[in-house]
Amino acid sequence: MCVRRCVITVGDLGEFGVINRITGRLPQGAAVMLGPGDDAAVVGAPDGRVVVSTDLLIEGRHFRRDWSSGYDVGRKAAAQNLADVAAMGAVPTSLVVGLGMPADLPLEWLDGLTDGFRDECAVVGASVAGGDITRCDLVVIGVTALGDLGGRAPVTRSGARPGQVVAVAGRLGYAAAGWALLEAGVPENPALEEVVVAHRRPIPPYAMGPGAAELGASAMLDVSDGLLQDLGHVAEASGVRIELDPRAFAVGEPVSVAAKELGVDPLEWVLTGGEDHALAAVFPAEVRLPPSWQVVGRVVEGEGVLVHGREIGRRGWDHFR
């Protein structure tokens with residue numbers, strides 16, 4: 001009998017008990033022909049091509065357990081990989097997850113992580129088709145996402161041409177504002193809650209990826225490392241210059257409130273903050289874009305990314321800087 005509250009850990013269940021617990025919480029979508037339980041999963045590829053992306057999250061580098069629950073981390077890990085697939089103009093179908101964790105990790109945290117993956121996948125009709133677990137000193141999560149192009153050509157970073165327009169879909173600056181508040185130790189309150197939640201659980205505009213491909217987008221990517229840095233990849237791959245108009249950006253009210261709290265310019269977060277996983281795309285100028293896409297710049301001859309006619313450089317997230 002426990003005098004204190006008993007904490008059941010993954011070590012108490014053992015490897016195969018943990019595997020059974022994880023797979024028991026993960027329903028399989030229509031694209032998964034054979035799910036967990038064999039040496040490999042089988043996922044349908046109706047298009048005949050498979051879009052594949054992979055990402056790695058390490059505790060203390062990409063998330064902190066004192067800032068985020070297991071559920072938060074599961075939603076975030078799934079979202080950033082599903083967004084990569086959507087940025088190619090594809091529909092996500094499934095994820096495969098590799099998980100390293102310490103033996104003393106509370107089972108409750110693992111359950112939350114699993115449920116986070118399940119619920120984020122459900123947003124796009126995908127599922128976790130399989131994976132692997134191992135013991136590790138920290139929580140390490142490796143995610144591979146698969147997607148289907150549905151007969152469309154993939155939208156790459158190299159298709160931008162002079163005369164086209166640059167547009168964004170989704171939120172910018174929210175996750176960066178939330179991270180800055182947590183890093184500064186600002187007490188949470190309702191006025192700041194939206195941006196803090198955005199850091200923990202991004203909301204990518206998944207449907208806008210395939211939608212942009214249907215509209216004729218010639219280049220696109222997921223904004224994960226900051227808009228300036230990510231558009232720099234498009235400019236380099238396409239051999240063009242991208243000119244942004246800072247007046248065209250709509251700064252969300254929660255971002256402005258957070259900026260006032262910390263005494264910073266909110267546009268800095270919008271232009272250089274990552275992890276909102278918005279989409280940035282380049283379209284022919286004659287395309288009529290729906291309201292979900294906001295035109296913020298244009299493509300011209302040259303190189304690099306300019307803001308208000310001034311070259312800013314690659315400002316954004318860099319793992320080795």
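Let's start with Trp293: its relative accessibility is 5%, so this residue counts as buried, since buried means under 20%. Keep in mind that you're looking at a predicted model.

Phe283 belongs to strand β10 (residues 278-283), while Trp293 is found in the loop between β10 and β11 (294-300). That puts the partners 10 residues apart, and the pair links distant parts of the chain.

How many aromatic pairs does the structure hold? There are 2. Phe63 sits in the loop between β3 and α3, whereas Trp109 is part of helix α4, so the pair ties together parts that lie 46 residues apart in sequence. Both Phe63 and Trp109 are buried.

Trp109 also brings us to a meeting of two helices. The axes of α3 (residues 70-86) and α4 (residues 107-124) come within 6 Å and cross at roughly 35°, and the crossing is right-handed. Who makes the contact? On the α3 side you'll find, among others, Tyr71, Val73, Ala77 and Leu82, and on the α4 side residues including Trp109, Leu113, Phe117 and Val124. Sorted by type, the residues of this contact come out as 12 nonpolar, 4 polar and 4 charged.

Next, the nonpolar cores. The largest has 36 residues, and those with the most contacts inside it are Leu95, Leu99, Met101, Leu110, Leu113, Phe117 and Ile141. Where do the residues come from? At least two each are supplied by α2 (15-23), β3 (51-58), α3, β4 (91-101), α4, β5 (127-135) and β6 (140-148).

Leaving out residues up to four places away in sequence, Leu110 touches Val10, Val18, Ile22, Leu99, Met101 and Leu105. Two of these partners, Leu99 and Met101, are on the list of residues with the most contacts in the core. Another core lies apart from this one: it has 26 residues, including Ala160, Ile242, Ala280 and Val307.

Key
Residues are numbered from 1 along each chain as its sequence is written. This is a predicted model: local features need pLDDT of at least 70, side-chain atom pairs count only at pLDDT 80 or more; totals for chains, interfaces and linings use all residues. Side-chain values use heavy atoms; hydrogens and water are left out. Axes are lines fitted to C-alpha atoms, for helices over the stretch in contact, and angles run from 0 to 180 degrees between N-to-C directions. Helices (H or I, at least four residues) and strands (E, at least two) are DSSP runs, numbered from the N terminus. A crossing is left-handed if the near helix is turned anticlockwise from the far one by less than a right angle, and right-handed if clockwise. Contact means heavy atoms within 4.5 Å. Ala, Val, Leu, Ile, Met, Phe, Trp, Tyr, Cys and Pro count as nonpolar, Asp, Glu, Lys and Arg as charged, and the others, Gly among them, as polar. A nonpolar core is a set of buried Ala, Val, Leu, Ile, Met, Phe, Trp, Tyr and Cys residues joined through side-chain atoms within 4.5 Å. Buried means under 20% relative accessible area, exposed over 50%, partly exposed in between (1.4 Å probe, protein chains only). Rings of Phe, Tyr and Trp (its six-membered ring) pair if their centres lie within 6.5 Å; planes under 30 degrees apart count as stacked, over 60 as edge-to-face and the rest as tilted.
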